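Subject: Structure handover

Hi,

Here is the structure for you to look over.

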Amino acid sequence: MKIVFFGTPDFAVPTLEKLLNHPDFEVVAVVTQPDKRRGRGNKLTPSPVKAVATSANLPVWQPQRVKKNAETLTKLQESDADAFVVVAYGQILSPKILNMPKLGCINVHGSILPKYRGAAPIQWCLYNGETETGITTMLMDAGMDTGAMLLTATTPIGLLDNAEDLAKKLAVTGADLLVETLLKLKRQEGEPIPQDNSEETYAPMIAKEDYHLDWSKSAIQLHNQIRGFYPDCVTTFRDRPLKITATAPLGSTHKYELPPEMSAIQKKLPDLSVISGNPGEVVGIAKGVGAIVQTGDGFLLLREVQPSGKRPQSGWDFINGMRLVVGEVFG
């Protein structure tokens, strides 16, 4: 089965690697986003997908706009591919491209459709506090993630999972599901299932304002925002920006959802029933762990933070380095 692979970030790499190592598939070319300048040196850096493709000696095409690039369109047409596989490519494909391969364009999407159509399904499902998500493979059409579904696979979400953790799990699940999907298409098994548009939800690109923390929200809302938009949620402390990168909501409501290692942490906590403060106020210190902050509803334990211009550090190192005391305020 001849395949052209479209993808860009780390999320797409396991699927490409799975295809490269499978005897039933031949990846004839890879389409990925143009190299971008990254890091302190502002060096031109290839996408993770390009790095894998280059090491496998595959042709790599990097048009600024794939649907407008005549040279790439000609190469795609001449590839005589059975399928185009699309995993987090980052550009919209035109109807002309969608109609090129014999079996169609197969997308690996990071949610159970029709929930969380759009650019950031993993981030928004965490933000909304979902306890389960998954992968859908679908036949792409001209809409935004509206194509008929081929296969789905579900994945549970732990209370402390962040967007990076969940993306790694789903990337592996997606690679396996894509292979199963292609083999079924090859054998002409199964029928694509139209999505129920009445059940759709949307997962748009994340905006700058989505990263700002409002301490009047509840502890669980803040926790879900921080892990969903990891690692970029920001507050202020002593009039300087501070990223909050890992937290845990405290109290009886979520006690049994926390992993076993949190049990030891719980024993280090002060008696939360007898303390209170204003939203954003440090009301306690969990020795060896981090600050306990009052929110609009409940307490939030700051497990990891990143001061401006520094690397991420544990909540406990932050307390010691800043000589933080009860009564200080975030935000």
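My notes on the cores, a surface patch and some strands follow.

Keep in mind that this is a predicted model.

Cores first. The largest nonpolar core holds 62 residues. Phe-5, Leu-19, Leu-182 and Phe-330 have the most contacts inside it. Helix α6, residues 163-186, gives the most to this core, with 10 residues.

Have a look at Phe-5. Leaving aside residues up to four places away in sequence, Phe-5 touches several residues, including Leu-16, Leu-19, Val-31, Val-49, Val-85 and Val-87.

Now the surface. Ile-92, Met-144 and Tyr-202 form a nonpolar patch there. Together they have about 330 Å² of accessible area. Met-144 sits in the loop between β8 (132-139) and β9 (149-156). Its relative accessibility is 42%, so Met-144 counts as partly exposed.

Last, strand β11, residues 240-250. Eight of its 11 residues are buried, so β11 is largely enclosed by the rest of the structure. β11 runs antiparallel to β10 (residues 234-237), and four bridges join the two. β10 and β11 form a hairpin with two residues between them. In the turn, Arg-238 has a positive phi of about 50°. β11 also runs antiparallel to β14 (residues 299-307), joined to it by eight bridges.

Thr-235 stands opposite Leu-242. Leu-242 also stands opposite Pro-307 in β14.

Best wishes

Notes
Residues numbered from 1 in each chain as written. Predicted model: local features only at pLDDT ≥ 70, side-chain atom pairs only at ≥ 80, totals over all residues. Heavy atoms only, no water. Core = buried A, V, L, I, M, F, W, Y, C linked by side-chain atoms within 4.5 Å. Buried < 20%, exposed > 50% of the residue type's maximum accessible area, 1.4 Å probe, protein only. Contact = heavy atoms within 4.5 Å. Patch = residues over 30% accessible without salt bridge, like charges linked within 9 Å, V, L, I, M, F, W, Y side chains within 5 Å. Areas by Shrake-Rupley, 256 points an atom, 1.4 Å probe, with all protein chains shown as cover. Salt bridge = Lys/Arg side-chain N within 4 Å of Asp/Glu carboxyl O. Pairing = 2+ DSSP bridges.
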